[in-house]
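User: Please take me through the terms used for this structure, and show for each one how the value meets the definition.

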Amino acid sequence: MKTTNVILWGGTGQSKVIRPLVESLPNHKVVAVFDDTEDLSPPFSDIPLYCGWGDFTEWVTTNPNCKFVVTIGNPHSIARRTISSKLILYGLNPLTVMGPYVSIGPNTS
């Protein structure tokens, strides 16, 4: 079965929480992390960290058909929506991941 490559946008604490969830899915692998913060320490020693949209637009030309997870925590919901919309315009598809003990309220949309 083909491996699904996944990028994370956000290179701090949330990426460290989300990576194991992504990679627990059959044939899913995190291949890159992107963040807008210059001089950020990479969250993982085995996955490259890229900075901003300039790096992304160059990277995506040779890495199409990826999925993505925006790994930016609260209170940045507007940033998450903006980043997600831009990544979709580049042809990436969002990936929904949930931990094993997540519950979603009945009034949530």
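User: Where is Val17 placed, and why is Val17 called partly exposed?

Analyst: Val17 is in helix α1, where helices (H or I, at least four residues) and strands (E, at least two) are DSSP runs numbered from the N terminus. The relative accessible area of Val17 is 49%. Buried means under 20%, exposed over 50% and partly exposed in between (1.4 Å probe, protein chains only), so Val17 counts as partly exposed. The model is predicted: local features need pLDDT of at least 70, side-chain atom pairs count only at pLDDT 80 or more, and totals for chains, interfaces and linings use all residues. Residues are numbered from 1 along each chain as its sequence is written, and side-chain values use heavy atoms, with hydrogens and water left out.

User: How far is Val17 from Lys2 in sequence and in space?

Analyst: They are 15 residues apart in sequence and 24 Å apart in space, C-alpha to C-alpha.

User: Which residues of α1 are buried, and what covers them?

Analyst: The buried residues of α1 are Ser15, Ile18, Arg19, Leu21 and Val22. Their cover includes β1, β2 and β4.

User: Why is Gln14 called partly exposed, and what does Gln14 touch?

Analyst: Gln14, also in helix α1, has 37% relative accessibility, a value between the two cut-offs, so Gln14 is partly exposed. Gln14 is in contact (heavy atoms within 4.5 Å) with Thr71, Ile72 and Gly73, leaving aside residues up to four places away in sequence.

User: What lines the largest pocket, and what makes a space a pocket?

Analyst: The test uses a 1 Å grid over the protein atoms alone and a 1.4 Å probe: a pocket is an open set of points with protein on both sides within 12 Å along at least five of seven lines, and lining residues have an atom within 4 Å of a point. The largest pocket holds about 310 Å³ of space. Its lining includes Gln14, Ile18, Thr71, Asn74 and Arg80. The elements that give two or more residues to this lining are α1 (13-23), β4 and α3. The largest share, four residues, comes from α3.

User: What makes a group of residues a nonpolar core, and which residues have the most contacts inside the largest one?

Analyst: A nonpolar core is a set of buried Ala, Val, Leu, Ile, Met, Phe, Trp, Tyr and Cys residues joined through side-chain atoms within 4.5 Å. The largest has 14 residues, and Ile7, Trp9, Phe34, Phe56, Trp59, Leu87 and Leu92 have the most contacts inside it. At least two residues each come from β1 (4-9), β2 (28-35), α2 (52-60), β4 (67-70) and α3 (77-89). The most, four residues, come from α2. Another core, of 12 residues, lies apart from the largest one; Leu21, Val22, Val30 and Phe44 are among its members.

User: How do you know that Phe34 and Tyr50 are stacked?

Analyst: Rings of Phe, Tyr and Trp (its six-membered ring) pair if their centres lie within 6.5 Å; planes under 30 degrees apart count as stacked, over 60 as edge-to-face and the rest as tilted. The structure holds 10 such pairs. Phe34 and Tyr50 are 5.1 Å apart, centre to centre, with 20° between the planes, and the pair is stacked. Phe34 is in strand β2 and Tyr50 in strand β3 (residues 49-51), 16 residues apart. Phe34 is buried because its relative accessible area is 0%, whereas Tyr50, at 25%, is partly exposed.

User: What kind of pair do Tyr50 and Trp59 form?

Analyst: Their centres are 6.4 Å apart with 50° between the planes, so under the pairing rule this pair is tilted. Trp59 is buried, with a relative accessible area of 9%. Ring pairs link Trp9, Phe34, Tyr50, Trp53, Phe56, Trp59 and Tyr90 into a cluster.

User: What makes Lys86 count as sitting over the ring of Trp53?

Analyst: The rule asks for NZ of Lys or CZ of Arg within 6 Å of the ring centre and within 35 degrees of the ring normal. The charged end of Lys86 is 4.1 Å from the centre of the Trp53 ring. Arg19 likewise lies over the face of Phe44, at 4.8 Å from the ring centre.

User: Why is Asp39 called exposed, and what is its phi?

Analyst: Asp39 has a relative accessible area of 80%, over the cut-off, so Asp39 is exposed. Its phi is positive, about 60°, although Asp39 is not a glycine. Asp39 is in the loop between β2 and β3.

Definitions and conventions
Grid points are joined across faces, edges and corners, and a volume is the space filled by probe spheres set on the points.
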